[in-house]
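Q: I would like to learn how to read helix packing and sheets from a set of coordinates. Where do we begin?

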Amino acid sequence: MAITAAHVARAPRIRLGMVGGGRDAFIGAVHRIAARIDDQYDLVAGCFSSNAEKSLASAADLGVGRAYTSFAEMAARESRRKDGIEAVAIVTPNHMHAPVAMQFLKRGVHVICDKPLTHSLPEAKKLARAAEASGVVFALTHNYTGYPMIRQAKAMVDAGELGEIRLVQVEYPQDWLAEPLEASGQKQADWRTDPARSGAGGSTGDIGTHAYNLARFVSGLTLAELSADLQSFVPGRRVDDNGHVLLRFEGGARGMLWCSQVAAGCENGLRLRVFGTKAGIEWSQEDPNYLFVTPLGGERRRITRGGGGSGPAAARMTRIPPGHPEGYLEGFANIYAEAARAILARRDGQSVDPAVTFPGLAEGVEGVAFVEACVRSSARNAAWVKLNL
């Protein structure tokens, strides 16, 4: 008998809930697309807004049958159901990450949380302790670590192909907040520039954490101390919209990080360069399917996602042949796919494959500590400070 797809057993999809991400929200839709790309999750419940009417309307829009008007009610009721959610995606403004996560952690629900981990460093440490005690899978969506060519870059650094790392340069410029957009009532600008909801960092917390996480992920270096000069160029803005940060790594390597949301003409210019004693590499998020490698004294070489020279670490994250654009949504989906592998292993009582890699609690706490250190350094005229880990 021929074997067809109908005869191949597969694990039941992970029952997923979502908090936040309702009508007019950007990142919630991204999470939902990412969760569906590899067909590992079913979105079955949600509290999509703090506004009860909007939450119910959003659930209807999405065809989600179990709609809640309170995340606490959702956590309590879902935990009592035999078919209750196994994992929750948290896509709220930053100040709500910890209170929402706590409700689900104490009920043994796995968590996939948007970055940064929390609103403040003490809160991040408290949440990390609670998550570790609960034993659940906790994934943080630093989605850029899911790009195939970023995995390729990390594998090359880990294999010593660049030699001893000397320099790391990372930048993330945008221009969408170059004017006081928050004054217009635009939802995304409103909460991201409000320190009560975003945290003390503006551009540092929103995109600087992505840049820092990417630099650490690829280079494998540990930060010793930093010196930050932060600005709020738009009059009246209460958080930084531009930051220049010098980095000193353990072992002697040096780095520079620039994040800005007032850089006119820049759309989403995340770019990473790492230089060692043998070679340097360069990657840009706006052209993510290529990694450029230049050996010392040699010619610049381009490695294509899925093409020649691309290794198994990149192949693990690759879905389609080279030449077909693969980018932001797929990179995001790779984090969801890796989290799914860990959740399914836990469901089956098995060990998680060591190859499964996704950002989690350690990266989350360090990211919040990075923002706190930048704010602290800048307030002291760019004094050198350590992370309060």
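A: Begin with the axes: they are lines fitted to C-alpha atoms, for helices over the stretch in contact, and angles run from 0 to 180 degrees between N-to-C directions. Helices (H or I, at least four residues) and strands (E, at least two) are DSSP runs, numbered from the N terminus. This is a predicted model, in which local features need pLDDT of at least 70 and side-chain atom pairs count only at pLDDT 80 or more, while totals for chains, interfaces and linings use all residues. Residues are numbered from 1 along each chain as its sequence is written, and side-chain values use heavy atoms, leaving out hydrogens and water.

Q: At what angle do the axes of α4 and α5 cross?

A: Two packed helices are described by the angle between their axes and the distance between the axes. For α4 (residues 97-105) and α5 (residues 121-134), the axes come within 10 Å and cross at roughly 15°. That makes α4 roughly parallel to α5 (angles under 35 degrees count as roughly parallel, over 145 as roughly antiparallel, 65 to 115 as roughly perpendicular and the rest as oblique).

Q: Which residues of α4 and α5 meet?

A: Contact means heavy atoms within 4.5 Å. Ala 98, Pro 99, Ala 101, Met 102 and Leu 105 in α4 meet residues of α5, including Leu 127, Ala 130 and Ala 131. An α-helix has 3.6 residues a turn, so residues three or four places apart point the same way.

Q: What is the order of strands in the sheet of 8 strands?

A: Two strands pair if DSSP finds at least two bridges between them. The order is β8-β9-β10-β7-β11-β12-β13-β14, in an open sheet with mixed pairing. β8 (223-231) and β14 (301-304) are the edge strands, each pairing on one side only. Within the sheet, β9 (residues 242-249) and β10 (residues 254-260) run antiparallel, joined by 7 bridges; Arg 248 stands opposite Arg 254 in β10. Helix α12 packs on the sheet, touching β8, β9 and β10, and its direction makes about 60° with that of β8.

Q: Why should helix α12 span 27 Å?

A: The expected span is 1.5 Å times one less than the number of residues. Because α12 (residues 361-379) has 19 residues, it should span 27 Å, and its end C-alpha atoms are 27 Å apart, which agrees.

Q: How is the sheet of 6 strands paired?

A: Its pairing is parallel, in the order β3-β2-β1-β4-β5-β6, and the sheet is open. β5 (residues 110-113) pairs with β6 over 3 bridges, and Ile 112 has Ala 139 in β6 as its bridge partner.
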